[in-house]
Amino acid sequence: MPNKKIVTKVMVHPTEFVNAQSRYYNDSDIGKRLSGKITTDIADSQHSSFFSGDKEVTTTGTVLNTAGVSIIYIMIKNKANNDVFLSLDGSNYKTKISKNDVFSSELNSVSSANIKVKTSSETSNIEYIVAQ
Amino acid sequence: MSAVARRIQYNTQVLPFINDVALEEETITPSLKYIDSDIKKSYGCSSFIDITANQVNDKWSSVSRNWEDLTASSQYWNLLVEAKWEDMSEDLTTSGEQLNTSSTSLVFAYFKNLGSNTILLSNDSGSNYLFKLSAGNALYFKADGIAVNTIYAKSASGTSAIEYVLGI
């Protein structure tokens with residue numbers, strides 16, 4: 001049994017502004033808070049680039065985990081002001097990670113060479129886990 | 001699907017840990033979890049995003065309801081009259097299913113696997129299923145440069161059920 005695990009808890013609360021009370025309440029279409037929790041087993045032996053606490057991101061797409069392996073889990077925290085954009089196919093940057101946001105997901109055995117990040121302008125700084 | 005304004009609050013906690021602790025002469029499985037010795041920290045965020053007040057159509061969200069949510073004065077009784085019970089989350093098979101047909105740009109997406117089989121998600125109209133949702137797991141992301149109708153989902157095996165929000 002793998003010893004390395006990652007527990008992820010996610011909570012999403014859709015809300016809707018109610019004029020009479022001048023505040024946000026549960027969204028009337030959805031009506032509740034949404035949440036999930038998962039424990040992901042990752043390999044005990046990871047490449048030295050599977051995590052970093054201080055990675056600069058530029059406008060040039062950069063591979064995070066350089067091991068050339070299949071990735072099953074990713075976490076990126078954007079620590080700086082500029083948005084960071086994530087590609088999982090090596091060329092299309094379809095996920096946006098704003099300042100102070102954490103993006104976390106299980107992946108369907110994505111090639112590490114295709115997991116890249118970049119900014120749209122200037123630089124940013126991230127912490128990440130990209131694990132097999 | 002129309003409103004004065006809509007806002008989605010979100011937060012994530014990520015805890016990397018090790019299950020066993022190796023001592024000099026034996027390995028024990030502690031009841032407490034120990035932080036991963038490589039990463040040495042946990043991560044988290046808490047924030048919100050404003051989405052469009054009037055969403056594209058009724059399929060912008062599909063969430064499960066609990067019977068406990070239903071009271072005599074609850075708005076959900078109306079939903080039960082207007083829609084079938086099973087429509088309140090989406091059943092999936094191993095064939096990719098488009099969750100919403102709108103071509104409007106997607107801003108925020110949330111998904112949860114309500115079934116027992118793994119769900120795979122695509123953000124390129126079903127060409128590649130790169131995101132994985134194990135049973136009970138939830139995922140959200142902010143989208144950039146993709147339309148609502150590019151989101152597809154399928155069960156990795158057998159059938160499953162998904163709860164989702166696709167906000168513009």
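Guide: Gladly, and let's begin with β8(A): four of its five residues are buried, so this strand is largely enclosed by the rest of the structure. Buried means under 20% relative accessible area, exposed over 50% and partly exposed in between, with a 1.4 Å probe and protein chains only. Strands (E, at least two residues) and helices (H or I, at least four) are DSSP runs numbered from the N terminus.

Visitor: Before we go on, what am I looking at, and how is the numbering done?

Guide: This is a predicted model, in which local features need pLDDT of at least 70 and side-chain atom pairs count only at pLDDT 80 or more, while totals for chains, interfaces and linings use all residues. Residues are numbered from 1 along each chain as its sequence is written, chains are lettered from A and ligands numbered from 1 in the order in which they are written, and side-chain values use heavy atoms, leaving out hydrogens and water.

Visitor: Thanks. Which strand of chain A pairs with β8(A)?

Guide: Strand β7 of chain A, residues 84-87, pairs with β8(A) in the antiparallel sense over four bridges. Two strands pair if DSSP finds at least two bridges between them. A:Leu86 has A:Thr95 as its bridge partner in β8(A). The hairpin of β7(A) and β8(A) has five residues between the strands, and A:Gly90 there takes a positive phi near 90°.

Visitor: And which strand of chain B is joined to β8(A)?

Guide: Strand β12 of chain B, residues 138-143, is joined to β8(A) by two bridges and runs antiparallel to it. A:Thr95 turns up again here, with B:Ala143 as its bridge partner in β12(B).

Visitor: What about β1 from each chain, how do they pair?

Guide: β1(A) and β1(B) pair in the antiparallel sense over 13 bridges. One of the partners is B:Arg7, which pairs with A:Thr15.

Visitor: Tell me about B:Arg7. What does it touch?

Guide: B:Arg7 lies in strand β1 of chain B, residues 6-18. Leaving aside residues up to four places away in sequence, B:Arg7 touches A:His13, A:Pro14, A:Thr15 and A:Tyr24 from chain A, and B:Phe48, B:Ile49 and B:Asp50 from chain B. Contact means heavy atoms within 4.5 Å. The side chain of B:Arg7 also makes a polar contact with the side chain of B:Asp50, at 2.7 Å. For a polar contact, a pair of N or O atoms must be within 3.5 Å; within protein, one must be able to donate a hydrogen and the other to accept it, and residues adjacent in sequence count only if both atoms are side-chain atoms.

Visitor: Zooming out, how much area is buried between chain A and chain B?

Guide: About 5,200 Å², of which carbon and sulfur atoms give 52%. Buried area is the accessible area (1.4 Å probe) that two parts lose on being put together, summed over both. A:Asp29, A:Lys94 and A:Glu106 supply 13% of the area that chain A buries against chain B, more than any other three residues. The contact takes 56 residues from chain A and 61 from chain B.

Visitor: How many salt bridges cross the interface?

Guide: The rule finds eight salt bridges between chain A and chain B, each being a side-chain nitrogen of Lys or Arg within 4 Å of a carboxyl oxygen of Asp or Glu. A:Asp101 forms a salt bridge with B:Lys142, with the closest N and O atoms 2.8 Å apart. The largest share of the side of chain A that touches chain B, 14 residues, comes from β1(A).
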